[in-house]
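Hi,

Here is the structure I promised to pass on.

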Amino acid sequence: MTYLLTATVTPSKQSFSREPGRETAMAKDILGEAGLHFDELNKLRVLDPEVTQQTIELKEECKDFVDKIGQFQKIVGGLIELVDQLAKEAENEKMKAIGARNLLKSIAKQREAQQQQLQALIAEKKMQLERVSFPGLFNLILVLLCICP
């Protein structure tokens with residue numbers, strides 16, 4: 001956007017005793033209408049000093065906001081790492097519990113199988129005992145001994 005600054009001076013009947021600073025104020029008004037302003041160091045600026053100050057304040061607020069967002073991201077990053085670590089630990093404990101449960105089931109099955117083996121062995125030994133002892137023969141011998149003294 002280009003501004004063309006023009007000023008028209010019309011001769012008037014003025015005395016040569018001018019008020020001090022009046023021309024400067026008029027020049028500032030004319031430049032102000034054209035969008036040009038003087039700052040506190042009397043440098044010519046495109047922005048109004050108030051807008052410039054607001055821009056500086058906004059820039060500082062944005063910097064503070066970005067800093068706070070950075071801090072927030074660090075905090076959230078730490079929290080995510082902590083939650084991930086806790087999740088891994090929970091998963092490890094879960095796997096240990098599943099392993100322990102499976103081990104207990106396995107031990108129970110082994111004991112059941114061992115119990116069945118022992119019961120089968122007991123039944124086998126009873127049968128062997130019955131074959132060896134012949135309870136009827138023992139009673140017959142006792143009867144014969146009692147009859148034949």
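**Notes on helix H2**

Being 4 residues apart in helix H2, Asp67 and Lys63 are separated by about one helical turn. A quick caveat: this is a predicted model, where local features need pLDDT of at least 70, side-chain atom pairs count only at pLDDT 80 or more, and totals for chains, interfaces and linings use all residues. Residues are numbered from 1 along each chain as its sequence is written, and side-chain values use heavy atoms, with hydrogens and water left out.

Asp67 and Lys63 form a salt bridge, their closest N and O atoms being 3.5 Å apart. By salt bridge I mean a side-chain nitrogen of Lys or Arg within 4 Å of a carboxyl oxygen of Asp or Glu. Helices are DSSP runs (H or I, at least four residues), numbered from the N terminus.

How many salt bridges does the structure hold? There are 2. Lys96 pairs with Glu93 in a salt bridge, with 3.7 Å between the closest N and O atoms; these two sit 3 residues apart in helix H2, again about one helical turn.

As for exposure (buried is under 20% relative accessible area, exposed over 50%, partly exposed in between; 1.4 Å probe, protein chains only), Lys63 is exposed at 54% and Asp67 partly exposed at 37%. Lys96 is exposed at 56%, while Glu93 is partly exposed at 48%.

Cheers
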